[in-house]
Amino acid sequence: MTEEHLDTLRHMLGINISDRRDPPEYRDYACANPGDTTMHALKDMGMVRLYRISNSYEWWTTTDAGKAAARASQRAMLKPKGARVYARFLEVSDALPDLTFRQFLMSPEFAETRRAA
């Protein structure tokens, strides 16, 4: 399986980001033009299945094997823990602009956010 195939699977699940250890899967589909070579190659590998054809598009969903491959490849591309914690700080500081990185690291209020990074 190529990196393009894995990227497609991650995109289908919405986990194609490398700064979250366990990103939420907020979708499980892809829409492609009929005969899309990437989608049909993934189908031949048992990673996706076609579930609908409408409006001249093919709609695909991942199989259990496709989900497992996507999750494994997402974990392999994770940024280091420190970088993930800093990324969470940047997200929080958007809402709390006076928050310092030191406060973020030391405050029990953000312990769960740091742990989940």
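**View 1. Strands S2 and S3 form an antiparallel pair.** In this predicted model, strand S2 and strand S3 (residues 57–62) are joined in the antiparallel sense over 6 bridges, where two strands count as paired if DSSP finds at least two bridges between them. Within this pair, Leu50 has Trp60 of S3 as its bridge partner. Strands of a sheet pair through backbone hydrogen bonds, either parallel or antiparallel.

**View 2. An open sheet has the strand order S1-S3-S2.** The sheet holds 3 strands with antiparallel pairing, and its edge strands, each of which pairs on one side only, are S1 (30–32) and S2 (48–54). From one strand to the next, the twist averages 30°. Helices (H or I, at least four residues) and strands (E, at least two) are DSSP runs, numbered from the N terminus.

**View 3. Helices H1 and H2 lie across the sheet strands S1, S2 and S3.** Helix H1 runs at about 90° to S3, whereas helix H2 runs at about 40° to S3; axes are lines fitted to C-alpha atoms, for helices over the stretch in contact, and angles run from 0 to 180 degrees between N-to-C directions.

**View 4. Helix H1 (residues 3–13) packs against helix H2 (residues 37–44).** Their axes are 10 Å apart and the angle is about 90°, which makes H1 roughly perpendicular to H2, a term that covers angles of 65 to 115 degrees. The contact, meaning heavy atoms within 4.5 Å, is made by Glu4, His5, Thr8, Leu9 and Met12 of H1 and by Thr38, Met39, Ala41 and Leu42 of H2. These residues divide into 5 nonpolar, 3 polar and 1 charged, where Ala, Val, Leu, Ile, Met, Phe, Trp, Tyr, Cys and Pro count as nonpolar, Asp, Glu, Lys and Arg as charged, and the others, Gly among them, as polar.

**View 5. Helix H4 (residues 81–95) has buried residues covered in part by other helices.** H4 has 15 residues and reaches 22 Å from its first C-alpha to its last, close to the 21 Å expected at 1.5 Å a residue, the expected span being 1.5 Å times one less than the number of residues. Its buried residues (under 20% relative accessible area, with a 1.4 Å probe and protein chains only) are Arg84, Val85, Ala87, Arg88, Phe89, Val92 and Ser93. What covers them includes helix H5 (101–106) and helix H6 (111–116).

**Notes.** Residues are numbered from 1 along each chain as its sequence is written, and side-chain values use heavy atoms, with hydrogens and water left out. Because the model is predicted, local features need pLDDT of at least 70 and side-chain atom pairs count only at pLDDT 80 or more, while totals for chains, interfaces and linings use all residues.

Note on methods
Parallel < 35°, antiparallel > 145°, perpendicular 65-115°, else oblique. Buried < 20%, exposed > 50% of the residue type's maximum accessible area, 1.4 Å probe, protein only.
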